[in-house]
Amino acid sequence: MRLRVIKAYFLKEMIELIRTKMITMPYLMPLLIVILFGYGIKMQVTGVRTLILDNDNSQISRKLILKFEHSKYFTTMVKNISEKDGLREIKKANIDALIIIPSSFEKNSLKGIKTEIGVFTDASFPSRATTISNYIQGVILDLANDFNIDDSGVININTRNLFNQALRDEEMIVPGLLGMVLLISPAILTALIIAKEKEMGTIFNFYSSSVSKGEFLVAKLSSIFFLVSINIFIVFLVASYLFDLPFRGSFFLFWLASEFYVFVALGFGLLVSIIASSQIVAIIVTLMLTIIPAFMYSGMIMPISSMSGEAFITAHIYPVMYYNHIIYDTFLIGQGFSSSTNILYLLLLFTYGVILFILGLLFLKKEIK
Amino acid sequence: MLEIKNLAVSHKKKIAIKKLNFQVNDGEIIGFIGADGAGKSSALNAIAGVIKFDGEIIYNDFSYKSPKEAEKVKHDIGYMPQGIGLVLYDTLTIKEHINFFVDIRDIKINKEFLEYKEHLLIMAGLENFLDRRAGDLSGGMMQKLSLVCTMLHRPKLLILDEPTTGVDPLSRIELWEILKQNAKEFNTISIISTAYMGEASKMDNILLFDEGEIIAKGTSSQLIEDIKPFVYENTETDKKHISISDTTYCLENLEIKHQKPTLESLFFVNALKKDKLLPKLQIAISKENMGENIVVMKASKVTKKFGDFYANKDVDCKLKSGEILGLLGANGAGKTTFIKMLLGLLPLDGGELKLFDKKIKNSEDRNELKSQIGYVSQHFALYDDMTVRENMMFFASIHKIDTKKTKQLINSYSKELGFEQYLDEMPKSLPLGINQRFSLAVSILHEPKVLFLDEPTSGVDAIARAQFWELLKELKNKRGISILITTHYMSEAEFCDRVVLLKDGQKIADDRVDNFYKKFPDAKSFEEIFLEYYR
């Protein structure tokens, strides 16, 4: 590994990026995505895993359960456990909502005595949580109608959002977006600066000289790594100030995870650039490989825990999930290094990056395909 | 010393090189000559160790059989692949290029190197442009810079793939001077491919490539001497022969005067030896004829600017009916820009263009004249996933020719232009020469009165080129079509009636072909004549 070669490529890359104005891409594109999506996303809900604790076991309460069971929006379970255990189920992310029907619900409501249904939702996904509680309210009001119960305050619905009490969409979406943009822009840039050399023919300077594969890759990747590393701080500032996100965890963990994650993204770009021989192919393939999974499996739209089958596996194959877990932790929870999951995920990200890099090194050939 | 043993290269399942054996001594310049697709580039790529190959290459007792093994000799190799400015980065200046290559080649910077670098830059005439970006250089300067960058680390084995193609004649001579001097001074082995036969005489040894094989070896005078008995003045004969313009090639003895052969003749003799006779191409006479001496196209002070850069500056020229006008110039001289303005594809920034007495300003003007214009673009705008026949049907329907007539036309043209057996194949799988003829057929389907051809002969082999020019003459003589053709082969001037020479967007010569010879009676070729104008 000769530093001189790396320096030469690094400098060349910087000059090219600046003069072609491509340098704006790692900064402008993520900002745009974060701002547009951060303000724009609203989500729809179906199949809410709902646990109903029926303490009344009356006609009305059974009717209510039936209503939930018949709705496509809910996947209902009825269990006979304590309220505390029910809440634990939410914490374990086994259910999304918990409905508690109080004893003597039928008696009180028919007599016109105030009674209270407890509704708890998992607010890890704020907009989802709001929607869920709205749906639940709708079902209950519908029930009240059926039995001609005066809906002005006889049945009181006491909604509680667990975990993310303030319930702001931004708090859940923006950290997820970080995982998206820090994957896409470095991957595209990496794919581009290698594919560009192939397309233009300048790759021959590498093919026909004694520059080693390692030198070439380190030189290429380090320039993008450098640019995107700055970006980590920028997106952090955007999240904290523009979207007013709390930051409860360790900044060091955030930074370290982000750098590892960017390393993974570079690996993606690298692999794409080995297949792609033109810039346009490089862009399209990288986008397909990053944007959709980053969005789908980030846990942003749908919690990973509520996925099943292939989706669950795919989510675990992509690195996005691991990074997002750490990001949510550093922004919203703050367990930091004390959580073994965080450390495990951090290591997974690093290993992921190393594996991609080694694959790139193996597949890159100093010859015309 | 470099020794090539049984070299074979296949590229994407196609055999590019069959079995190559040759030797080069230190200080020798060896030339690869042959058509596009003959396997020159594949051979060069293999020697440079950038493509998988079979066989063995031995360089100074070090043998390599794969690109991986070639790694060890790469510090000795200087390789410049095909394409103008291919290895340059558009946005980097000359100086930045030099620094980049010095670093990636890990060159020790000492007094000796600095002197060598200075020497190279002065020889290439680049010393005063160190801060200019590669993207702003002319084609010739780009190639000279590429060469300087390739030679910075003093390679002992210099491999250059068509370093002069598309470069203006003056830069070409300068490039050759650098190469010659380098070979002599440093005892470098140079392997150079070229599309210009004129350059062959500058080489110590020539390898003639055809279909992945070497078909002839020797110095240029030896090679010409060898085929002398087969080259005659144009005549009719029953024996197997090929007749092209004023020459007839025949392997058997004919009782007529011999013609002086050229290096191009090698290809025809080779075709005869391989029993590949050329179909006689003849075009049926059409009723319409425009009559002589009518001005079809007139350009006065035509100017086109891209930013600060003049692609065309005050170009005047005229095309008369029944005339072949050659627009000659190196890459980037402004030939394509001019044609694009003629077609109304680019707006003019100054001056006036008239076609059939109608001013051309935009594509709407052109639309009205569409039925009278035929056009073949630089890269033959054909659809790769449609067969030749389907392509022709499609283009005919664009011109609203009815199906019955289209079928007739396809039949007659495919016979006349000699691509009948390829009608149901995909253009991509066909040789460039066939595509070129079939593009020509497409462009004359609607019987235009004027034909614009943009570099139709670029990259096409000598035989196909000669045939193509014959066809153009036929079109001119039998149909009275006026033809405007651009080319960077200066030698093709002799096929034109009139030549306009462009340099950096400006016209530097414009005359009838015979007048050029009158002006320069001592000149041996058009290359030499045009060199005078470039100076």
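Guide: B:Arg172 and B:Glu527 are joined through their side chains by a salt bridge, with 2.8 Å from N to O. The term stands for a side-chain nitrogen of Lys or Arg within 4 Å of a carboxyl oxygen of Asp or Glu. The model is predicted, and local features need pLDDT of at least 70, side-chain atom pairs count only at pLDDT 80 or more, and totals for chains, interfaces and linings use all residues. Residues are numbered from 1 along each chain as its sequence is written, chains are lettered from A and ligands numbered from 1 in the order in which they are written, and side-chain values use heavy atoms, leaving out hydrogens and water.

Between domain 1 and domain 3 of chain B the count is one salt bridge. Two residue pairs across that interface are in polar contact, both residues at pLDDT 80 or more; this term means a pair of N or O atoms within 3.5 Å, where within protein one must be able to donate a hydrogen and the other to accept it, and residues adjacent in sequence count only if both atoms are side-chain atoms. The side of domain 1 of chain B that touches domain 3 of chain B has eight nonpolar, two polar and three charged residues. In this scheme Ala, Val, Leu, Ile, Met, Phe, Trp, Tyr, Cys and Pro are nonpolar, Asp, Glu, Lys and Arg are charged, and the others, Gly among them, are polar.

Chain B is assigned domain 1 (2-86 + 146-217), domain 2 (220-273) and domain 3 (295-534), with bounds from an automatic or database domain assignment. The centres of domain 1 and domain 3 of chain B, taken over C-alpha atoms, lie 33 Å apart. Their contact (heavy atoms within 4.5 Å) takes 13 residues from domain 1 of chain B and eleven residues from domain 3 of chain B. These two domains of chain B bury about 1100 Å² between them, 67% of it on carbon and sulfur atoms. B:Gly166, B:Pro169 and B:Tyr196 supply 36% of the area that domain 1 of chain B buries there, more than any other three residues. Buried area is the accessible area (1.4 Å probe) that two parts lose on being put together, summed over both.

Next comes the interface between the chains. Chain B and chain A bury about 2600 Å² between them, 55% of it on carbon and sulfur atoms. On the side of chain B, the residues losing the most area to chain A are B:Tyr89, B:Asp103 and B:Ile104, together 23% of what that side buries. The contact takes 34 residues from chain B and 26 residues from chain A. There are six salt bridges between chain B and chain A. B:Asp106 forms a salt bridge with A:Arg4, where the closest N and O atoms are 3.0 Å apart. Strand E6 (77-80) and helix H3 (94-104) of chain B are the elements that give two or more residues to the side touching chain A; helices (H or I, at least four residues) and strands (E, at least two) are DSSP runs, numbered from the N terminus. H3(B) supplies the largest share of that side, six residues. By class, the side of chain B that touches chain A has 17 nonpolar, six polar and eleven charged residues.
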